Amino acid sequence: MSSAADSPSGLKIVALGVRGGIVDGDLTAFLIHPSGDLRSLMCDAGTLGNGLLVAAKRGNLGGRTPDQTLGSDIKAFLITHAHLDHVAGMLVAATDYPGNAVYALPSTNEVLGEDYLNWAAWPNFSDRGKAPRLGSLHLRDMTPGVATPVAGTAMTATAWPLEHGGVESTAFLVQAGNSAVACLGDHGPDGASGEGRGHQLWRALAPLVRSGQLRTIITEASYADPRTESQLFGHMTPKYLIASLRDLAEEVGRPNALLGVTVIVSHVKYPVGGEAAYRKLILRQLREGNDLGVKFVVPEQGDKWDVP
């Protein structure tokens with residue numbers, strides 16, 4: 001296993017949860033660690049235990065058991081926002097697997113402390129807020145745009161705020177050596193001005209795309225097209241996602257700027273009775289509108305990717 005002083009080559013991603021909506025055993029959660037180094041972080045944790053069971057059955061935990069991964073390999077959580085479908089797995093696991101750092105923007109950590117870890121909704125496993133503080137989840141506020149070493153791992157994380165229907169969400173850039181992954185929480189399209197938080201994020205990340213360091217983006221398209229803006233509820237559709245990626249390509253500023261970039265599209269909602277067809281529809285719409293040369297993936301729980 002690598003030490004924190006090593007310079008790992010590449011990152012690995014395992015999807016522990018990929019859906020939005022009512023499937024409570026398969027909600028947004030991505031395990032990320034450097035190649036050859038199992039010390040991992042979670043980008044969101046709507047689902048945790050069940051996702052590890054599924055990934056293990058598919059042989060995608062690197063030979064580790066779910067207990068080993070949850071008990072010793074996962075060192076930290078990056079939480080994009082405090083909606084329950086992004087934090088439930090972390091909160092439940094804190095009863096048996098404590099000792100993790102929780103990195104988030106201050107607004108998100110405030111909600112975690114006041115609305116969940118308050119001895120009413122859930123015991124206070126954190127190191128702040130209502131006494132007694134059990135102290136096994138270490139809430140760490142992040143400053144937007146500032147790279148932060150992720151405790152216990154060889155990775156850094158940088159946060160930028162996103163807009164999610166009146167809630168502050170987050171995009172995280174996870175880096176190890178020369179490899180990077182952008183993991184975006186729930187968010188909607190920028191307004192008519194085109195100068196919203198999505199544009200600010202792409203402006204910050206464009207140099208990494210230009211240099212070839214950032215070749216994988218985890219984002220969302222919760223609904224298929226067509227869908228009116230009033231019914232987006234702070235989410236994306238294929239039309240809006242492709243428009244946002246065109247904005248990134250313009251910021252990168254060269255022909256075929258996103259050619260070969262992998263875009264993992266998560267948080268697809270679950271319409272009762274037609275979920276499989278809905279996911280296929282969203283993927284088809286993404287591919288039909290794809291004039292950027294990106295590789296769109298609508299993942300299944302337990303899927304794994306190697307990031308150069």
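How many disulfides does a search of the whole structure find? The search finds 1 disulfide, a disulfide being a pair of cysteine sulfur atoms within 2.5 Å.

## Basis of the model

This is a predicted model, in which local features need pLDDT of at least 70, side-chain atom pairs count only at pLDDT 80 or more, and totals for chains, interfaces and linings use all residues. Residues are numbered from 1 along each chain as its sequence is written, and side-chain values use heavy atoms, leaving out hydrogens and water.

## Overall fold

The chain contains 7 helices and 14 strands. Both are DSSP runs numbered from the N terminus: helices are H or I with at least four residues, strands are E with at least two. The chain's radius of gyration is 18 Å, close to the 19 Å from the globule rule for 308 residues, so the chain is as compact as a globular protein of that length. The radius is taken over C-alpha atoms, and the rule is 2.2 Å times the number of residues to the power 0.38. The C-alpha trace spans about 50 × 45 × 40 Å along its principal axes.

Among contacts with a separation of 6 or more, 63% are between residues 24 or more positions apart; a contact means heavy atoms within 4.5 Å.

## Surface and charge

Of the 308 residues, 56% count as buried. Buried means under 20% relative accessible area, exposed over 50%, and partly exposed in between, with a 1.4 Å probe and protein chains only. The chain exposes about 12300 Å², of which carbon and sulfur atoms supply 53%; these areas come from the Shrake-Rupley method with a 1.4 Å probe.

There are 26 positive and 31 negative side chains, and the centres of the two sets lie 5 Å apart. Lys and Arg count as positive, Asp and Glu as negative, with His and the chain ends not counted. Each charge is placed at NZ of Lys, CZ of Arg, CG of Asp or CD of Glu.

## The disulfide

Cys 43 and Cys 183 are joined, with an S to S distance of 2.2 Å. The pair links distant parts of the chain, 140 residues apart: Cys 43 is in strand 3 (residues 40–45) and Cys 183 in strand 10 (residues 179–184). Their link is left-handed, with -100 degrees about the S-S bond.

Cys 43 is buried at 0% relative accessible area, and Cys 183 also counts as buried, at 3%.

## Gly 129

Gly 129 sits in the loop between helix 4 (106–116) and strand 6 (137–141). Its relative accessible area is 42%, so Gly 129 is partly exposed. Gly 129 and Gly 113 are 16 residues apart in sequence, with their C-alpha atoms 6.0 Å apart in space.
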